[in-house]
Amino acid sequence: FWGDLWAPTDAREPDLSAWLWPLDQLSAFPTMRTLRGPELAAVVRGTCKSKAPGADGWRYAELADWPPQLFAALARLLNMVEQHGRWPDGAWENVVCMLPKGGTGAPDDRRPIVLLSVLYRVWAAERAGYMKRWLVQNGILRVGEGAGPDAQAGELAMLLARARITGQHIAGLALDWSKCYDRLPLSAMRAVARRARMPLALVGPMLQADGLPRRVRADGLSGDLLDPTCGLAPGCSAATHWLALFTLCWSAPIEAIAPTIRTRKYVDDMLAADEEDGQGVHSMADNVAAAWTVTDEWQRAAAWLLNLVKSNRFATSATLRALLRASAGPDVREGFLDLGVVQVAANRGQPALLRKRLQGALERFARCEALPLPLTQRALVVAASGVGAGLYGAGQHHVPEAELRRQAVLWGAWKG
């Protein structure tokens with residue numbers, strides 16, 4: 001399964017020639033300073049020492065004991081790598097550990113953790129800062145308190161809540177990409193980097209590291225080496241930066257459809273929303289239909305794949321939802337998950353997603369409440385039991401009165 005994702009035998013070559021124009025508008029990439037030993041030592045000091053090593057065998061705890069002379073030698077080596085834009089032949093292989101995900105044991109129900117060389121990780125962590133600052137400068141990445149997934153999903157929740165109260169129309173697309181890191185063609189990333197005028201000193205070593213041979217390890221077994229043509233390594237400090245740059249070629253054409261359309265991207269969760277600003281519902285439905293057409297054409301050109309089970313369209317009025325259902329695209333839903341937050345688009349009742357999440361969280365509260373422990377200890381049990389994860393996203397909405405009454409009954413029964 002994973003070999004077919006990373007090195008597909010029948011893969012179509014991505015054709016992004018018509019999609020790269022947003023990269024022409026980016027500012028020049030900042031000049032990177034020559035690496036020095038103290039900078040690399042600072043990266044090691046600021047990294048968790050318990051992180052797993054890669055195939056090179058080095059551990060962060062071992063590097064933390066290096067004298068300044070070794071870091072100076074490493075800096076000289078890495079400067080030479082940047083000068084040539086590539087790593088030495090046979091530098092290392094990438095170990096991929098398959099962690100259980102959903103508990104079924106199926107190959108696709110695992111989370112691949114790519115263990116890159118620790119020496120590479122030190123270099124990438126230092127150089128990723130340049131890429132991040134460049135993306136922020138160009139408005140591609142958000143920073144600060146509003147950059148987290150909870151804050152970004154909270155913005156949409158507040159927007160939808162206001163629309164339900166005022167009767168304002170909002171409609172859009174919520175997209176989830178299937179195995180987005182693993183399906184991403186490395187040739188597409190090279191094309192993006194060339195068009196964005198990024199320096200070979202950064203692009204060459206980073207994308208070469210993603211394309212180094214991979215060896216999968218799972219359940220105590222190791223597979224044969226595989227030469228990937230697809231797949232960013234999530235273990236790289238710049239992996240999310242690359243994804244943000246890549247998806248700019250989707251968001252810019254979407255926002256060009258109409259001035260009222262805004263996009264939001266967070267790793268593989270992408271959103272396009274059209275907020276009413278004087279135009280009628282028919283115009284908004286046409287805008288969402290055009291956004292879906294652009295998205296469908298983009299996934300074909302980029303050789304990517306949408307997860308249509310998790311992707312959907314939404315609208316805050318029944319009329320607009322009916323218009324959306326009359327056109328092609330993913331399902332139209334009254335509620336959906338967005339960055340883990342339950343979003344409610346319909347102005348009636350509560351979607352099953354929200355009821356299910358509240359039910360599970362409240363049941364955990366009830367079980368913790370029944371423990372014969374002092375309040376402070378029960379609070380610690382609640383914190384460690386997953387109640388917070390169960391309530392995540394439900395806090396954007398009112399807890400139904402019926403659920404509060406149910407908790408009061410449970411409390412009374414426990415108190416006797």
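User: What percentage of the residues in the protein are buried?

Analyst: This is a predicted model, and every value here is computed from it. A residue counts as buried when its relative accessible area is under 20%. By that cut-off, among the 416 residues in the protein, the buried share is 48%.

User: How many helices and strands does the protein have?

Analyst: The secondary structure is made of both kinds of element. Of the contacts between residues at least 6 apart in sequence, 72% join residues at least 24 apart. The count of elements comes to 16 helices and ten strands.

User: Which residues does Trp242 touch, not counting residues up to four places away in sequence?

Analyst: A contact requires heavy atoms within 4.5 Å. With residues up to four places away in sequence set aside, Trp242 touches Met131, Met189, Ala193, Met198, Val203, Met206, Leu207 and Leu232.

User: How many residues apart in sequence are the parts that the pair of Phe29 and Trp134 ties together?

Analyst: The search of the whole structure finds eleven aromatic pairs, and in one of them Phe29 and Trp134 are tilted, at 5.0 Å centre to centre with 55 degrees between the planes. Both of these residues are buried. Because Phe29 lies in the loop between helix 1 and helix 2 while Trp134 lies in helix 5, the parts tied together are 105 residues apart in sequence.

User: Is the pair of Trp177 and Trp304 stacked, tilted or edge-to-face?

Analyst: Trp177 lies in the loop between strand 3 and helix 7 and Trp304 in the loop between helix 11 and strand 8, 127 residues apart, and both are buried. Ring pairs also link Trp177 and Trp304 into a cluster with Trp19, Phe246 and Trp298. Because the ring centres are 4.8 Å apart and the planes are at 35 degrees, the pair is tilted.

User: Is Ser178 buried or exposed?

Analyst: Ser178 is found in the loop between strand 3 and helix 7. Leaving aside neighbours within four places in sequence, Ser178 is in contact with Arg183, Leu305, Leu306 and Asn307. The relative accessible area of Ser178 is 16%, and since the cut-off is under 20%, Ser178 is buried.

User: Which strand gives the most residues to the lining of the largest pocket?

Analyst: The largest pocket holds about 1200 Å³ of space, and of the 49 residues that line it, the closest to its centre are Lys101, Arg111, Tyr181, Val267 and Asp268. By class, this lining has 25 nonpolar, eight polar and 16 charged residues. The element that gives the most, with six residues, is strand 2.

User: Which helix gives the most to the lining of the second largest pocket?

Analyst: The second largest pocket has about 930 Å³ of space, and its lining divides into 16 nonpolar, ten polar and eight charged residues. Of the 34 lining residues, the closest to the centre are Arg142, Gln152, Thr263, Arg264 and Lys265. The element that gives the most, with nine residues, is helix 10.

User: About how much space lies in the largest cavity?

Analyst: The structure holds one cavity of 30 Å³ or more. The lining of the largest cavity divides into seven nonpolar residues, two polar and one charged, and strand 3, strand 7 and helix 11 each supply at least two of its residues. The space in the largest cavity is about 40 Å³.

Methods:
Residues are numbered from 1 along each chain as its sequence is written. This is a predicted model: local features need pLDDT of at least 70, side-chain atom pairs count only at pLDDT 80 or more; totals for chains, interfaces and linings use all residues. Side-chain values use heavy atoms; hydrogens and water are left out. On a 1 Å grid over the protein atoms alone, a cavity is a set of points where a 1.4 Å probe fits but cannot get out, and a pocket is an open set with protein on both sides within 12 Å along at least five of seven lines; lining residues have an atom within 4 Å of a point. Grid points are joined across faces, edges and corners, and a volume is the space filled by probe spheres set on the points. Helices (H or I, at least four residues) and strands (E, at least two) are DSSP runs, numbered from the N terminus. Ala, Val, Leu, Ile, Met, Phe, Trp, Tyr, Cys and Pro count as nonpolar, Asp, Glu, Lys and Arg as charged, and the others, Gly among them, as polar. Rings of Phe, Tyr and Trp (its six-membered ring) pair if their centres lie within 6.5 Å; planes under 30 degrees apart count as stacked, over 60 as edge-to-face and the rest as tilted. Buried means under 20% relative accessible area, exposed over 50%, partly exposed in between (1.4 Å probe, protein chains only).
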